[in-house]
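Reader: Could you take me through this one and back up the words you use? I'd like to see each label set against its cut-off.

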Amino acid sequence: MAVRNTEKGLKVKESILKETPDAKVDVMELDLSSMASVRDFAAKYRSSGLPLNILINNAGVLSPHFKLSKENIELHFVTNHLGHFLLTNLLLETMKTTSYEQNTEGRIINVSSEGHRLSYSGTFSDYINNESSYNSVYAYGLSKLANILHANQLARLLKEEGVNITANSLHPGFIDTELFRGHSIFSVICNRILSYVIKDVSQGASTTCYLALHPKVKAVTGEFFSNSNLAQPSSRAKDEELAKELWEFSLGLTS
Ligand SMILES: NC(=O)c1ccc[n+]([C@@H]2O[C@H](COP(=O)([O-])OP(=O)(O)OC[C@H]3O[C@@H](n4cnc5c(N)ncnc54)[C@H](OP(=O)(O)O)[C@@H]3O)[C@@H](O)[C@H]2O)c1
């Protein structure tokens, strides 16, 4: 478990071990909004010699206010996309080695959202650090659009390279989590209006677990899922040119 708050992570580890005493769980510190922290985490992971079969890029924020990270990048973009982008790139060799040595399929899963449909219409570089045009729903949407484009571009590159690793993205459903903390309008909508369709945390984790573990999705790559089924993302999310542009832009910001 890669977490920014290790105290919280250790509590989760304890609860997992209570239910499954022989589970092997490591808790390591990772702040996805800091490229320095991502590099530090990846270096520690690589030097641990641990294999890596499945990488779930799940962390996310939804902030009502415009905020910049320590390295001066807008908080949604850096936490929800860029941190995962760099992490995935830095762990890819470990995944390839694991897949080759164990003769297993590696899987990369980006947790996106139906919210990707509500996003700015211009290019990524136009918006990410532009405070004057900031809108929290659109900023979140742009980062969730990036999750899908990232998985799709990764899927194409891995296919071209001929490695046994898939990359997919998903909408987990509307879930009763801490995502909406600090966002009073969303909290009200979720608590009252959406209370009949909202998922609990285990229901909300099911599509992620399906993509991570189910034999039915063997070799399926570059797809978007919802309710453990193939789903159609927006046309922008399927735009190959936009995916390439995002890839180059993200490389520029992380190199
Ligand atoms: N809830 C929904 O209805 C919904 C709908 C569609 C998509 N999603 C997506 O589902 C994913 C999980 O969100 P959630 O609903 O479970 O929200 P959540 O309860 O707020 O969980 C988000 C997790 O991300 C972690 N996180 C935030 N910033 C981080 C950082 N800088 N570095 C490392 N970890 C960080 C949080 O850590 P802390 O515990 O330390 O805060 C928390 O564990 C997100 O990608 C979200 O966009 C959620």
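Reader: Why is Leu 91 called buried?

Author: Buried means under 20% relative accessible area, exposed over 50%, partly exposed in between, with a 1.4 Å probe and protein chains only as cover. Leu 91 has a relative accessible area of 2%, so Leu 91 counts as buried. Bear in mind that this is a predicted model, where local features need pLDDT of at least 70 and side-chain atom pairs count only at pLDDT 80 or more, while totals for chains, interfaces and linings use all residues. Residues are numbered from 1 along each chain as its sequence is written, and side-chain values use heavy atoms, with hydrogens and water left out.

Reader: What does Leu 91 touch, not counting residues up to four places away in sequence?

Author: With contact taken as heavy atoms within 4.5 Å, Leu 91 touches Phe 41, Ala 42, Tyr 45, Arg 46, Leu 52 and Leu 55. Leu 91 itself lies in helix α3, residues 75-102. Helices here are DSSP runs of H or I with at least four residues, strands are E runs of at least two, and both are numbered from the N terminus.

Reader: Which strands form the open sheet, and in what order?

Author: Five of them, in the order β3-β4-β5-β6-β7, with mixed pairing. Two strands pair if DSSP finds at least two bridges between them. β3 (54-57) and β7 (229-231) each have a single partner strand, so they stand at the edges, with one side of each left without a neighbour in the sheet.

Reader: What makes β4 and β5 a pair?

Author: Six bridges join β4 (residues 106-111) to β5 (residues 165-171), and the cut-off is at least two, so they pair. The two strands run parallel. As one example, Val 111 has Leu 170 in β5 as its bridge partner.

Reader: Which strands does helix α5 touch?

Author: Helix α5 (residues 136-161) packs on the sheet, touching β4, β5 and β6 (224-226), and its direction makes about 160 degrees with that of β5. Such angles run from 0 to 180 degrees between N-to-C directions, using lines fitted to C-alpha atoms, for helices over the stretch in contact. Helix α7 (residues 201-213) packs on the sheet too, touching β3, β4, β5 and β6, at about 160 degrees to β4.

Reader: How do you know that the chain agrees with a compact globule?

Author: The rule is 2.2 Å times the number of residues to the power 0.38, and the radius of gyration is taken over C-alpha atoms. For 255 residues that gives a value near 18 Å; the chain has 18 Å, so the two agree.
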